[in-house]
Amino acid sequence: MELKKWAVLLALGATLAAGTAFAAGSPDSPFKPDEQVYPKEELFTFDKQDVAKGKGTAYGKFAFARDKAAPDSAIKEICYLTLEKGSSIGCHKHGFNEDAYIIISGEGIFTDGTGKETPVKAGDVTIARPGQFHGLRNEKETPLVFLDVIAQNDTYLKDHPEAAPKK
């Protein structure tokens, strides 16, 4: 129980949010570069179907998403995501960003870049670094809730310009 409280407090202190591997924002929720607290009541909802060729709906509550982040901000997206039983985020590759999942509640199966599957539960943290693949799915009745934090790795991008998004 204490670990769950710690994870929630960490999320609040770092900047509350909800989301995952999709770049979308709310027109009425612009990114505020100097903002340090995003109250839960002000998070915007963005739900996505079949994320990264996964299955089902990823229910998201976002502080901000990539299309609203300031260019010089390392953290590009932060949100809570919920996967119901049978839903998943498909295994996908990260170009020049890093994506961390902090499991808040429930249980899931994390798939890493080698295809290895690892059970994850509340308090566990996963990360995909530039060039790595990852995916997550929920096979349990209980919803899987996790904090998703996506950060841009400028050093990797500088050393690997081919990883930049195509314009």
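Start by selecting residues 107–111 and 117–121 in this predicted model. These are strand 7 and strand 8, which form a hairpin with 5 residues between them. Within the turn, look for Gly115, whose phi is positive at about 90°. The two strands run antiparallel and are joined by 5 bridges. To see one of these pairings, pick Gly108 and follow it across to Val120, its bridge partner in strand 8.

**Next stop: strand 11**

Select residues 144–152, which make up strand 11. How many of its 9 residues are buried? The count is 7, so strand 11 is largely enclosed by the rest of the structure. Now bring in its pairing partners. Strand 4, residues 75–83, pairs with strand 11 in the antiparallel sense, over 8 bridges. A handy place to check this is Glu77, which has Ile150 as its bridge partner in strand 11. Strand 6 also pairs with strand 11 in the antiparallel sense, again over 8 bridges. Here, select Ile103 and you will find Phe146 as its bridge partner in strand 11.

**Aromatic pairs**

Keep Phe146 on screen, as it takes part in a ring pair too. Phe146 is buried, with a relative accessible area of 0%. What is the arrangement of the rings of Tyr101 and Phe146? Their centres are 4.8 Å apart and their planes stand at 55°, so the pair is tilted. Tyr101 belongs to strand 6 (residues 97–105) and Phe146 to strand 11, so this contact ties together parts that are 45 residues apart in sequence.

The structure holds 4 aromatic pairs. For another of them, select Phe44 and Phe62: the ring centres lie 5.4 Å apart with the planes at 20°, so this pair is stacked. It links distant parts of the chain, with Phe44 in strand 1 (residues 44–45) and Phe62 in strand 3 (residues 57–64), 18 residues apart. Are these two residues buried or exposed? Phe44 counts as buried at 6% relative accessibility, and Phe62 is buried as well, with a relative accessible area of 0%.

**A histidine contact**

Move on to His94, in the loop between strand 5 (88–93) and strand 6. His94 counts as buried, at 3% relative accessibility. Which residue does its side chain touch in a polar contact? Show the side chain of His134: the contact between the two side chains is 2.9 Å.

**Last stop: the largest pocket**

Finish by selecting Arg66, Gly95, Phe96, Asn97 and Pro165, the residues nearest the centre of the largest pocket. They are among the 15 residues that line it. The volume of this pocket is about 360 Å³. If you colour the lining by class, you will see 7 nonpolar, 5 polar and 3 charged residues.

Technical notes
Residues are numbered from 1 along each chain as its sequence is written. This is a predicted model: local features need pLDDT of at least 70, side-chain atom pairs count only at pLDDT 80 or more; totals for chains, interfaces and linings use all residues. Side-chain values use heavy atoms; hydrogens and water are left out. Two strands pair if DSSP finds at least two bridges between them. Helices (H or I, at least four residues) and strands (E, at least two) are DSSP runs, numbered from the N terminus. Rings of Phe, Tyr and Trp (its six-membered ring) pair if their centres lie within 6.5 Å; planes under 30 degrees apart count as stacked, over 60 as edge-to-face and the rest as tilted. Buried means under 20% relative accessible area, exposed over 50%, partly exposed in between (1.4 Å probe, protein chains only). On a 1 Å grid over the protein atoms alone, a cavity is a set of points where a 1.4 Å probe fits but cannot get out, and a pocket is an open set with protein on both sides within 12 Å along at least five of seven lines; lining residues have an atom within 4 Å of a point. Grid points are joined across faces, edges and corners, and a volume is the space filled by probe spheres set on the points. Ala, Val, Leu, Ile, Met, Phe, Trp, Tyr, Cys and Pro count as nonpolar, Asp, Glu, Lys and Arg as charged, and the others, Gly among them, as polar. A polar contact is a pair of N or O atoms within 3.5 Å; within protein, one must be able to donate a hydrogen and the other to accept it, and residues adjacent in sequence count only if both atoms are side-chain atoms.
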